[in-house]
Amino acid sequence: MPQITCPACDKQLASITGYSQHLAKTTNPGCRALYLSSRQFAPGPPNEGEVDAPDPDHAMFEGDFFGTYAEDELTWPGSDDEEDAGKEHLDEDDSDYDIDDQTEWEPPAVPVHLSPAAPACVVRYPDIQAGQPVDVVKQPSNATYHAQLDDSSADNIYAPFASKLDWDIARWAKLRELNKIIDNELPGRPKFKRDQIVVANEAFDVYYRDIIECIKALFSDPNFADFLVFAPERHYADKDETIRLYHEMHTGKWWWNSQKHLDRERPGATIIPVIISSDKTQVTMFRNKTAYPVYMTIGNIPKDIRRKPSRHAHRRRMLANLYHACVGRVLAPLAAAGINGINMRRGDGTVHRGHPLFACFAGDYPEQVLATGIKTTQCPKCDIPSDELGLAPGIANWQPRDLGAVLDALCALDEGGLAFVRACTNAGIKPIVHPFWEGLPFVNIFESVTPDHLLTWLSYACGSAEIDARCRRLPPNHHIRIFAKGITTLSRVSGTEHNQICLDISLPNNMSSARLLCAVRGLLDFLYFAQYPSHTSETLVLLNEALDVFHNNKDIFIDLGIRNSFNLPKLHFTAHYAHMIRMFGTTDNYNTEYTERLHIDLAKDAYRSMNHKNEFAQMTTWLERREKIFRHEKYIQWRLIGNTARPPQPRPPEMTFRCTQTMTKHPTVKAVTIDKLANEYGATHFNESLARYVAKVTLPPNTTITARQLEDRAADIHIPFRTLPVFHKVKWLSADVRGHGDSPVTVDSVHARPGRSGTFASDSVTPRFDTVFVNDGTGGSLGTKGYRIAQVRVIFSIPPKAPPKHLAYVEWFSPFCIPNQDHGLHKVSRIIKNGERIASIIPISNIRCSTHLIPHFGPVAPREWTSANVLDECSSFYVNTYIDRYSFVTLR
């Protein structure tokens, strides 16, 4: 008979174990809230469940091992496991795609603590009134929301829905009666308005929301209440205040300078930086329907939360005026509110006098041209001539665009059309009637535009066929997508896919590739430096030095006949990156990749959800209902678990990640024979390695023996079992180090599995044995000292009472040496002794993360190599520095 009842959903469970599993796996918001609440106060995992820290007690890698054991603890389960030898469980991990279901994984273990990033010195804004509340009487926004509900019964937390069942159906279904409740009875964010804009005697519809109400909705969101920033600060990495830190928007110069301007007239202001992003998007692949969404957020929200797009000439000019008329209609309320301020209530009920100021415009180059009104092929930030865009920053002669001259030219509209056109031409902009930024306070649009391929040039230099052949033969990795058809034919490549394209460059006809490699390295280094979530004045110097390396070697593309100039606005824009970071914080404050994600979540999903008649009206209704559901769900969670405020974490993001190594609770294969490990997993010396491991770890503490003595000791070790449980995957989960309440996600993984043939090609699985960074116990958070590269062949378990619980059989590569002077990559090769690969057994806790090796292909990639066998067929490799930002920081 059922003994346990879930208080959130009234489901009856047979045992406390069943109840725990129900909470862990449920999608019900009430049950989920109970689960999260219980996790918050749950004690840490017991010692035997933790993944141990790297063991420093070891000697050399060649045949030596890690860990501590007592010999009498090496017992093994008997016949029960042996009966299952060779029986393989259904292995979800054979897929190359990670599954986010964390219920099958052990609780988070000891995090891998990497480099601290707390600033050594924080200089507050000198006026203590800046960003302070104007009303200390608090009324939390959830309480305000509760009062707005017509039927806010204390007994029915799901009101205005009659029951929890009605609420659950409303969340997932599209029923007419429930939609009426959503539309009429649920409080929501500002409704969409529809206006007509007339440009050149042609009427256009624009759908928009009141931007002030949108800002208030973000500012009062209870989920953000603990994390909002209200005043600028200067952060320094040293106590002498010589090394400036830039990360969140409030650490940049723009907020500090704007606060000073406002304080002259209105002391005690709370600046609300408004960030606008726009990009034309195609909402369907078939009917050629397009939308031009404009997204808005505020810089008070931390970036990690903020981020989880002739007659013909006349037509283009008309569209430019239409764009500015529409955006100007949306942003018009900012003009008065930015100067006078408006009272805004935070999620916890505190009231501030907020001054919403237009801060940043995020968009790619066509949107930058449209927003600033400059001509195509020109830089939106400075007056550099179009034929000098390709010059290095130290050579080019340019000045920031003169906003005063532009505003004077716009005033010439009253003098007649011809005078207006001439004045705009002289000022360097198109004749746009009242651009949207003309009347906004403290706005310099040329300062506000923020940054937005190398691949095509490389295709011409090396040949498309050869580049595609190499990309198809790269070994797999968690961070790498293998393009089965190559990369040169991709028509649409997202920012993420750009990071997954790794190249080993070799020029045809045995030409020296030194300059080409230096040019590519300089640009890649620049791109990865630009992605840093936290910058100092020193790393900004490195950013500019990387750009100089590219400019010093870029003429190789001209010598190869690939380009005849580098007068590209996007390339020139790189010269402005360092200044943008100093002004507005790091680039992830205004990255256009977020716009690409919003296109999918908001514009495209909205279009696909309706019947394609009167599209925009239906899309706006869909968005309103969706947001009302999300807001009501937060309110229900608040009713269920109350207010669980989290203290803010002001520390800047770290340059390396904190993560938790996890293993599945149960092995992928319960019992694998030793012979199968050798034949299918490639662990040819498993018995010998395990014997040496046991011999090493059973030595008395502080005992040193020679390699020969270790071999003699290992010869006397008897392995008392014939099978052992094997795991096919190790995961690393993100740690919520900044206290934002983020759910753990898989940030890295390592696979070690044999191939499997199926009846159909889709059922077959290729073998995969990943390479990893191994910490010898002396490795730090950055750099290669104390680390070696190894390939994982087997991950297996040992008796539970003998820590460490999980071990790995690995094959070693050569130590790190001086990186190549041209491309900067470290070269490694397998260690072979007497024709055999050197292998060891190590605790998996010594594995820091996965790594990716780029094969040394030579002039032409051997066609018999594949992604599955290249690690065995190739003899030497380059360690991929550009696999992700963390590898870049570690290896560079």
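Good morning. I begin with Asn702, which counts as exposed at 83% relative accessibility; exposed means over 50% relative accessible area, buried under 20%, and partly exposed in between, with a 1.4 Å probe and protein chains only. Asn702 sits in the loop between helix H27 (686–697) and helix H28 (707–715). Helices (H or I, at least four residues) and strands (E, at least two) are DSSP runs, numbered from the N terminus.

Please bear in mind that this is a predicted model, in which local features need pLDDT of at least 70 and side-chain atom pairs count only at pLDDT 80 or more, while totals for chains, interfaces and linings use all residues. Residues are numbered from 1 along each chain as its sequence is written, and side-chain values use heavy atoms, with hydrogens and water left out.

As background, most residues other than glycine have a negative phi. Glu241 also has a phi near 60 degrees, again a positive value in a residue other than glycine. Glu241 lies in the loop between strand E7 (233–236) and strand E8 (244–246), and with a relative accessible area of 38% it is partly exposed.

Arg692 forms one with Glu711, with the closest N and O atoms 3.5 Å apart. This pair links distant parts of the chain, since Arg692 belongs to helix H27 and Glu711 to helix H28, 19 residues apart. Arg692 is buried at 15% relative accessibility, whereas Glu711, at 35%, is partly exposed. Further salt bridges share partners and join Arg793, Glu811, Arg830, Arg837 and Asp872 into one network.

Two other pairs deserve mention. Lys676 forms a salt bridge with Glu680, where the closest N and O atoms are 4.0 Å apart.

I turn to the strands, where two strands pair if DSSP finds at least two bridges between them. Strand E19 (residues 723–727) has five of its five residues buried, so it is largely enclosed by the rest of the structure. Which strands pair with E19? Strand E18 (residues 669–673) is joined to E19 by three bridges in an antiparallel run, and Val726 of E19 is the bridge partner of Val669. Strand E24 (residues 787–797) also pairs with E19 in the antiparallel sense, over two bridges; here Phe727 has Ile795 of E24 as its bridge partner.

Elsewhere, four strands form an open, antiparallel sheet in the order E17-E20-E21-E22. Strand E17 (659–662) and strand E22 (768–769) stand at the edges with a single partner strand each, so one side of each has no neighbour in the sheet. E22 pairs with strand E21 (residues 746–753) over two bridges, in the antiparallel sense, and Ala752 stands opposite Phe769 of E22.

Finally, two helical sites. Helix H7 (residues 211–219) is mostly covered, with seven of its nine residues buried, among them Ile211, Cys214 and Phe219. Which residue caps the N-terminal end of H7? Asp210 does, placing a side-chain oxygen 2.9 Å from the backbone nitrogen of Ile212. For such polar contacts, the N or O atoms lie within 3.5 Å; within protein, one must be able to donate a hydrogen and the other to accept it, and residues adjacent in sequence count only if both atoms are side-chain atoms.

Asn142, in helix H4 (residues 141–148), is buried at 7% relative accessible area. Leaving aside residues up to four places away in sequence, Asn142 touches Pro222, Arg631, Tyr635 and Trp638, where contact means heavy atoms within 4.5 Å. The C-alpha atoms of Asn142 and Pro222 are separated by 7.0 Å, although these residues are 80 residues apart along the chain. Thank you.

Terms used: A salt bridge is a side-chain nitrogen of Lys or Arg within 4 Å of a carboxyl oxygen of Asp or Glu.
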